[in-house]
Amino acid sequence: MTRKQKRLAIIGGGVGFLTAAVLLVMFAFSQAVAYFYVPGDLAKASLAPGTRIRLGGLVEAGSVKRGDGKTVTFSVTDTLAAVPVTYTGILPDLFREGQGVVAEGSFVAGSPVFVADTVLAKHDETYMPKDVADRLKAQGVTLGGKENIQ
Amino acid sequence: MIIELGHYALVLALATALIQSVLPLVGVRRGDRALVELAGTAATVSFLLVAFSFAVLTFAYVTSDFSVRNVWENSHSLKPLIYKISGVWGNHEGSMLLWLLILVFFSALVASFGRNLPETLKANVLAAQAWIAAAFTLFILLTSNPFARLVPAPGEGRDLNPVLQDIGLAIHPPLLYLGYVGFSVCFSFAIAALVEGRIDAAWARWVRPWALAAWTCLTAGIAMGSYWAYYELGWGGWWFWDPVENASFMPWLAGTALLHSALVMEKREALKIWTVLLAILTFSLSLLGTFLVRSGVLTSVHAFATDPTRGVFILAILVVFIGGALSLFAFRASHLKSGGLFAPISREGALVLNNLILTTATATVLTGTLYPLVLEALTGDKISVGAPFFNMTFGLLMLPLLFAVPFGPLLAWKRGDIAAASQRLFVAVGAGLLFAAAVYYARNGGPVLAVLGIGLGVYLILGAITDVALRSGLGRVAGSVAWRRFLGLPRSAFGTALAHIGLGVTLIGIVAVTAYETETVVEMKPGMLVDAGGYSLRFDGMRQGHGPNYTEDTGHFTVSRGGVKVTEIWSSKRLYSARLMPTTEAGIRTFGLSQLYVSLGDGMTDGGIVVRIWWKPLILCIWGGALVMMAGGIVSLSDRRLRVGAPSRATKAARLAAGAAE
């Protein structure tokens with residue numbers, strides 16, 4: 001092979017691989033990404049059943065019910081609307097009523113219940129998931145969690 | 001008083017860094033030896049000053065001096081001594097001071113170990129290091145002063161975040177920073193090369209040990225962090241594709257690419273410009289990581305502070321250094337002569353493939369990490385890019401690299417023979433497939449992809465061994481000769497083999513855990529039995545206890561196999577009194593390379609408790625593989641070529657190259 005051909009082979013291979021990578025990334029963005037919603041957004045969002053989303057808000061006071069031990073139901077609220085959530089598993093250490101939470105999962109067709117497979121709570125007492133805090137602040141909800149504890 | 005001295009030392013360190021960043025450059029221009037030699041002295045002084053400053057802060061923590069705001073916010077007099085010390089870097093201000101300490105430590109190392117470097121190159125490298133040091137010292141002094149006082153001094157501190165009170169945290173950040181910041185030396189070497197407009201194989205030979213050392217520490221730091229998250233957070237996961245994890249993983253990927261491209265440059269004088277660019281990019285990713293973690297744009301356990309001025313300041317540092325370095329590169333890269341020719345199928349070709357895939361994979365991780373931030377800034381939409389995205393893109397892109405890894409060392413430089421290489425790998429491929437078939441048979445089927453993944457890991461391990469065996473002439477010469485040749489192989493050959501074996505081991509661990517782990521969530525009452533991974537766990541009941549700064553409820557489990565008691569597991573939930581913060585202390589027992597992992601959930605009113613039990617098959621391979629990779633790095637670092645003799649040969653080569661260039 002001449003110098004030019006060698007260079008072409010290497011550059012061609014590289015460009016081909018990069019193109020494949022870009023296509024793959026674009027495909028993955030369309031498939032494997034979860035959007036963040038608060039309960040008030042859901043009405044106008046019209047999600048297809050099974051779409052993975054992150055649902056954020058406050059755990060509604062008095063809404064936490066334990067089923068047969070491992071399944072827990074609770075409501076996530078942004079004070080405008082509330083969404084019932086079921087979750088099977090162990091809730092994070094910092095999961096509490098009246099505190100910020102992010103649940104990841106999807107709605108099942110024909111049911112208003114959000115089935116979560118991951119529940120994230122705050123990492124420590126001064127931290128509320130940022131997504132939740134921003135949205136709630138935007139809606140004028142006062143965040144009381146921090147003061148309650150300290 | 002001593003606190004103010006620490007603060008003052010930091011101010012002096014800033015002054016020293018400014019001197020070190022300007023005067024040696026002037027000296028190089030004017031040919032003034034005194035100014036050129038000043039660089040080394042200034043680097044040493046800078047290190048001593050920052051080390052003193054760091055020691056003062058540590059002293060404040062150890063003596064629980066709550067008149068220092070930083071100590072009050074992050075320490076507690078009842079905390080065990082080791083966590084008082086590790087608490088120094090368990091917060092924003094202290095961890096930035098550690099970052100700086102490690103940066104000036106590396107400068108001092110260059111100053112003292114770089115005796116064989118040409119003086120002008122050394123002066124330029126140290127000046128570039130000093131620019132970074134000056135920027136970060138200024139950052140600490142202006143926005144993150146750890147020595148700020150609190151009047152009046154409170155009687156008791158607010159304690160360190162309990163999840164950070166762990167031996168893992170004591171080791172993880174220093175190791176990670178040694179890696180992250182270690183790449184600054186490569187960056188400074190790249191800047192120096194661009195400033196001088198001259199670069200040759202000797203340059204690669206000087207840079208490679210630094211890259212290797214940084215890479216080894218970063219490997220250790222990431223593995224440590226992963227293991228810490230695994231046992232401390234109680235979620236049973238070992239990697240979450242969390243932006244903060246990605247922030248450390250990206251420099252690792254780019255650094256791995258850098259190690260390989262520097263190899264081509266050192267041996268064949270090719271890929272020069274690319275290697276310089278990679279050196280710049282690797283440290284840029286370290287800086288980006290620092291920005292992501294420290295600025296508070298991401299919320300995570302690592303984001304100690306969310307003060308916007310800090311974010312803007314680090315962003316400015318980021319823009320100046322990355323932008324400046326890349327502009328310098330754009331202007332000066334054409335001055336660097338490009339090097340040797342090679343066929344696409346050759347050792348160089350294989351290393352180019354390695355670089356192509358690793359940098360593309362880095363770019364994917366970068367895209368996935370930054371996209372949510374960019375999207376939110378542009379449209380206000382909030383999305384989460386998590387494991388599904390990264391597994392799909394990163395996982396798929398890395399696959400061809402894993403297949404190609406054993407081929408690299410078997411191909412000759414310049415022009416390789418892929419058919420011959422495949423023939424030599426016949427045993428490794430065959431054994432990999434056989435092993436996969438055996439696993440498939442033993443598990444009565446199961447996911448085919450997982451089985452093939454494990455086979456791929458075996459192939460990687462055997463492929464690396466094949467290379468060493470062939471080099472010692474095994475099978476071609478008498479056993480004793482082969483043994484002597486084996487012992488005589490350069491250390492770097494063992495380094496390569498170990499690193500590749502480690503990759504195979506980690507891969508096996510990842511595949512086994514992903515495909516074969518079992519998870520049981522169950523409500524247990526005392527006396528109840530649950531099976532996991534062939535073991536049977538009996539819940540014996542709860543017990544209350546307390547430690548120095550927490551109270552805990554501990555569940556006791558008896559593990560038996562075939563009716564015979566094997567071991568016991570204690571798993572607890574703790575409540576740290578200073579912050580009223582609950583944490584989970586998972587109960588973990590190791591069986592060979594596999595583990596049983598028990599974490600507790602909420603107690604029921606009827607005396608039962610929710611328990612989550614995982615069986616994690618071969619999980620220790622994940623971190624064990626990282627240890628083997630590290631061993632590879634260390635063995636390679638001890639290669640003669642990088643120590644004795646090499647520098648003198650290198651200088652000769654440099655002179656020759658300089659002569660040729662004129």
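## Domains of chain B

In this predicted model, the domain assignment divides chain B into domain 1 (1-165), domain 2 (171-408), domain 3 (425-514 + 625-662) and domain 4 (518-616).

## Where domain 1 meets domain 2

The centres of domain 1 of chain B and domain 2 of chain B, taken over C-alpha atoms, are separated by 24 Å. Their contact draws 23 residues from domain 1 of chain B and 28 residues from domain 2 of chain B.

On the side of domain 1 of chain B that touches domain 2 of chain B, helix 5 (92-113) and helix 6 (119-143) of chain B each supply at least two residues, and the largest share, 10 residues, comes from helix 6 of chain B. Sorted by class, the residues on this side of domain 1 of chain B comprise 15 nonpolar, eight polar and no charged.

## How helix 1 packs against helix 6

Two packed helices are described by the angle between their axes and by the distance between those axes. For helix 1 (residues 2-30) of chain B and helix 6 of chain B, the axes come within 8 Å and cross at roughly 150°. Because angles over 145 degrees count as roughly antiparallel, helix 1 of chain B and helix 6 of chain B are roughly antiparallel to each other.

The crossing in which helix 1 of chain B passes helix 6 of chain B is left-handed, and the contact between these two helices of chain B has 19 nonpolar, six polar and no charged residues.

Key. Residues are numbered from 1 along each chain as its sequence is written. Chains are lettered from A and ligands numbered from 1 in the order in which they are written. This is a predicted model: local features need pLDDT of at least 70, side-chain atom pairs count only at pLDDT 80 or more; totals for chains, interfaces and linings use all residues. Domain bounds come from an automatic or database domain assignment. Two residues are in contact if their C-beta atoms, placed from the backbone, lie within 7 Å. Helices (H or I, at least four residues) and strands (E, at least two) are DSSP runs, numbered from the N terminus. Ala, Val, Leu, Ile, Met, Phe, Trp, Tyr, Cys and Pro count as nonpolar, Asp, Glu, Lys and Arg as charged, and the others, Gly among them, as polar. Axes are lines fitted to C-alpha atoms, for helices over the stretch in contact, and angles run from 0 to 180 degrees between N-to-C directions. Angles under 35 degrees count as roughly parallel, over 145 as roughly antiparallel, 65 to 115 as roughly perpendicular and the rest as oblique. A crossing is left-handed if the near helix is turned anticlockwise from the far one by less than a right angle, and right-handed if clockwise.
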